2 protein chains.
Amino acid sequence: MADETRGVLIDLSGVLYVGDRAVPGAIDALGRLRDADVRLRFVTNTSRRTRADVVDKLRGLGYAIDTAEVFSAPLAARRAIQRQRLRPHLLVHPSVRADFDGLDSADPNAVVVGDAGERFDYDSLNAAFRVLVEDDGRPLISMGANRYFKDGDGGLSLDMGPFVEALAFAAGRKAMTVGKPAPAFFRDVLQDMGCKPATSVMIGDDLANDVGGAQAVGLTGVLVRTGKYRPADEHDDAVSPDAVVNDFAAAVDWLIG
Amino acid sequence: MADETRGVLIDLSGVLYVGDRAVPGAIDALGRLRDADVRLRFVTNTSRRTRADVVDKLRGLGYAIDTAEVFSAPLAARRAIQRQRLRPHLLVHPSVRADFDGLDSADPNAVVVGDAGERFDYDSLNAAFRVLVEDDGRPLISMGANRYFKDGDGGLSLDMGPFVEALAFAAGRKAMTVGKPAPAFFRDVLQDMGCKPATSVMIGDDLANDVGGAQAVGLTGVLVRTGKYRPADEHDDAVSPDAVVNDFAAAVDWLIG
């Protein structure tokens, strides 16, 4: 049963680190948060790293993290598959395949799409399409709907969303997104922590997926001015954060200061 | 100026031929149509053959065809590019590049997508996306919106539509389709023939793109029961053909018999 203990959900990329560097002051701030009477979960839409890899990266940067505290989009996809007893055709990056170990993928009756990067080619998309088009009832499960990301060369590059749209259009159905901002994602995390929405907070740098998604299920949404934050986020028509703070350390001050 | 001479627009694949064979009776029927007082144009959405290749195929099957009578989606794209004085980035099949010879493609400010087949891969799609995302005003021009086609192995395979959708979603704009069923396509053909919509007929096997597209600009739409025709086409909620006939020969009988 959920009690009155406060829950804090923390996005990773852009909040605790940017690229390969910890955000200044964030390691100490996480320590202060752990000393307070709150429960923590780390929530990420990355679909290019297994949960184990995410934990390794955070520890390598100096964060004290328990594996069970990390909720990722690939694991949300795994839960959706198990709940519906599906046999998934996986169109995912090779680096997250381990998150799907042990699932029955013979004679697939669903398609799961993650950020497959350069593995998005005609043959891999067509193979996924053929699974879908054989039966109108087969779900298309997506780990996220991001349109693009800032690539290593400084330019913008296609994220998984456009490829999910392509499959959805071809097969004539809507994709089911399992990562943020899906309400089920936030509810699963809250259930796992034993916390209520009204006493829980989401800290993120993505206005729509972190702040908007969390607010939609009743959490408080705090936006940090690091990572993918842009000043225009503070005057958005659709989402209005409960607080906007400079960085993760300031968010912790705002919460427990 | 348009006069009262009747115009007849004829789709190719599924009407005059299926695969590599002429539809029985169609060669004679075209001869009878040429003896009547009508003007003819051949209209195709194929974006894997140049106009010259289309003419070669028809002649090889035994059809008497003049090159200037053929209107294709790549040529419609070329007209759109020239009208708007654009410099196109081409994401098309190598076999239709000749239809775009002589256009200035340096420093592109538009993207043109045809059925590129296996050339739809991450890098080619990302290159097209980067042209679009640099400026919101850059148009995305599509030769068609077909979702899939029946492939050589008997299975369904992805057509160009899903890849156009992917780019449209990623870049946050709508694609402009220049082939059938675009009204501008039919109007261009009528203008070229000097015929009016009310005295012109479209004969095709594609309910939405041939019959519906033609009817939307005021032509009579005749559906043939060859090619991609399915019995369900005769009870469609959106499009109701002016006539449904067994094949092209029957359509000619219906027109001039």
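Predicted model: local features only at pLDDT ≥ 70, side-chain atom pairs only at ≥ 80, totals over all residues.

Trainee: Which side chain does A:D188 meet in a salt bridge?
Mentor: Its partner is A:R83, with a distance of 2.8 Å from N to O. The two belong to distant parts of the chain: A:R83 is in helix 3 (residues 73-83) of chain A and A:D188 in helix 6 of chain A, 105 residues apart.

Trainee: And A:R83, buried or exposed?
Mentor: A:R83 is exposed, its relative accessible area being 53%.

Trainee: Where does helix 6 of chain A lie?
Mentor: Helix 6, residues 183-193, lies across strand 1, strand 4, strand 5 and strand 12 (200-204) of chain A. Its direction makes an angle of about 145 degrees with strand 4 of chain A.

Trainee: What is the order of the strands in that sheet?
Mentor: The order is 5-4-1-12-13-14 in chain A, an open sheet of six strands with parallel pairing. At the edges are strand 5 (70-72) and strand 14 (243-245) of chain A, each of which pairs on one side only. On average, neighbouring strands of this sheet are turned by 25 degrees against each other, direction ignored.

Trainee: How many bridges pair strand 1 with strand 4 of chain A?
Mentor: Six bridges pair strand 1 (residues 6-11) with strand 4 (residues 38-44) of chain A, in the parallel sense. As one point of reference, A:V8 has A:L40 in strand 4 of chain A as its bridge partner. Helix 1 (residues 26-35) of chain A also lies across these two strands, at about 135 degrees to strand 4 of chain A.

Trainee: Strand 7 of chain B has come up; which of its residues are buried?
Mentor: B:A110 and B:V112 on one side are buried, as are B:V111 and B:V113 on the other, and both faces of the strand are covered.

Trainee: Why do the residues fall on two sides?
Mentor: In a regular strand, side chains alternate between the two faces of the sheet.

Trainee: What are the neighbours of B:V111 across the bridges?
Mentor: B:H89 stands opposite B:V111, and in strand 8 of chain B the bridge partner of B:V111 is B:L140. Strand 6 and strand 7 of chain B run parallel and are joined by four bridges. Three bridges join strand 7 to strand 8 of chain B, again in parallel.

Trainee: And what unit do strand 7 and strand 8 of chain B make with helix 4?
Mentor: Together, these three elements of chain B make a right-handed β-α-β unit.

Notes:
Residues numbered from 1 in each chain as written. Chains lettered and ligands numbered in written order. Heavy atoms only, no water. Pairing = 2+ DSSP bridges. Axes fitted to C-alpha atoms, helices over the stretch in contact; angles between N-to-C directions. Contact = heavy atoms within 4.5 Å. Salt bridge = Lys/Arg side-chain N within 4 Å of Asp/Glu carboxyl O. Buried < 20%, exposed > 50% of the residue type's maximum accessible area, 1.4 Å probe, protein only. Right-handed = clockwise from strand over helix to strand, strands pointing away.
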